[in-house]
Amino acid sequence: HLSLIIAQVIISLIIMVGGAHFFVHGIEKISLAFGLDPLIFSLIIAPIATELPEKINSVKWILEKKDTLAVGNIAGAMVFQSTIPVSIGVLFTEWSITGLALVSGIFAIISAFIALTVSYINREYFAFGFTSGILFFIAYIYLVLTNGAS
C-alpha cells in the first residue's frame, strides 16, 4: 500500500537525520577530547564511516565477478558525495578554508585527477587509479598528526 511506503520513507528519513546529528555531535566531542579541530577530525573519520559500506559491497561484487556493478556502486556513491552534500555546504556555510582543510581539498582534486587520468590512459590500471587515493589519505593523516590541527 502507498500509505505504508510513505510512512516507511518518512520514518527512515527521520532516523537518518537523527543518526546524522548523533554522528556529528559524536565526532565533535571525540575531536575536542583529542585536541583536534572538529573539521580536521571529520575529514578523516567521516569518509570512512560513510563510504565503508559502499566499499564492502563493491569488494563482495568483485569477488562474485560483477565488476560493472562494483564500479557503478563506487562511482554512484562518489557522484552523490561530491554533489549533494557539497552543494548544501557551499550554500549554507561560510567559506574560509585555510591550513589543513585547504590541503584536504587540494589532495582530493589531485587524487581525482590521477584516478581519471590513469583509468583513461590504460584500463588495465583502472583499479590502481582508484586506489591511489589512499596515498593522499595517509599523507593527510600524517600531516594532521605531525602538524596538529590548524
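Reader: Where is the place of I14?

Author: I14 sits in helix α1, residues 2-33; helices are DSSP runs of H or I with at least four residues, strands are E runs of at least two, and both are numbered from the N terminus. The model is predicted, so local features need pLDDT of at least 70 and side-chain atom pairs count only at pLDDT 80 or more, while totals for chains, interfaces and linings use all residues. Residues are numbered from 1 along each chain as its sequence is written, and side-chain values use heavy atoms, with hydrogens and water left out.

Reader: Why does I14 count as exposed?

Author: Exposed means over 50% relative accessible area, buried under 20%, and partly exposed in between (1.4 Å probe, protein chains only). I14 has 57% relative accessibility, so I14 counts as exposed.

Reader: Why does S111 count as buried?

Author: The relative accessibility of S111 is 16%, so the residue counts as buried. S111 is found in helix α4. Leaving out residues up to four places away in sequence, S111 touches G133 and F136, where contact means heavy atoms within 4.5 Å.

Reader: How many aromatic pairs does the rule give?

Author: The count comes to one aromatic pair. Why the pair is edge-to-face follows from the geometry: the ring centres of F107 and F136 are 5.5 Å apart and the planes are at 65°. Rings of Phe, Tyr and Trp (its six-membered ring) pair if their centres lie within 6.5 Å; planes under 30 degrees apart count as stacked, over 60 as edge-to-face and the rest as tilted. The pair links distant parts of the chain, with F107 in helix α4 (residues 99-121) and F136 in helix α6 (residues 133-147), 29 residues apart.

Reader: What makes K60 and E64 a salt bridge?

Author: The rule asks for a side-chain nitrogen of Lys or Arg within 4 Å of a carboxyl oxygen of Asp or Glu. For K60 and E64 the N to O distance is 3.6 Å, and their side chains meet in a salt bridge. E64 and K66 also meet in a salt bridge, at 3.4 Å, N to O. A search of the whole structure finds two salt bridges, and K60, E64 and K66 are linked in a network.

Reader: Are K60 and K66 buried, exposed or partly exposed?

Author: K60 has a relative accessible area of 43% and is partly exposed. K66, at 40% relative accessibility, also counts as partly exposed.
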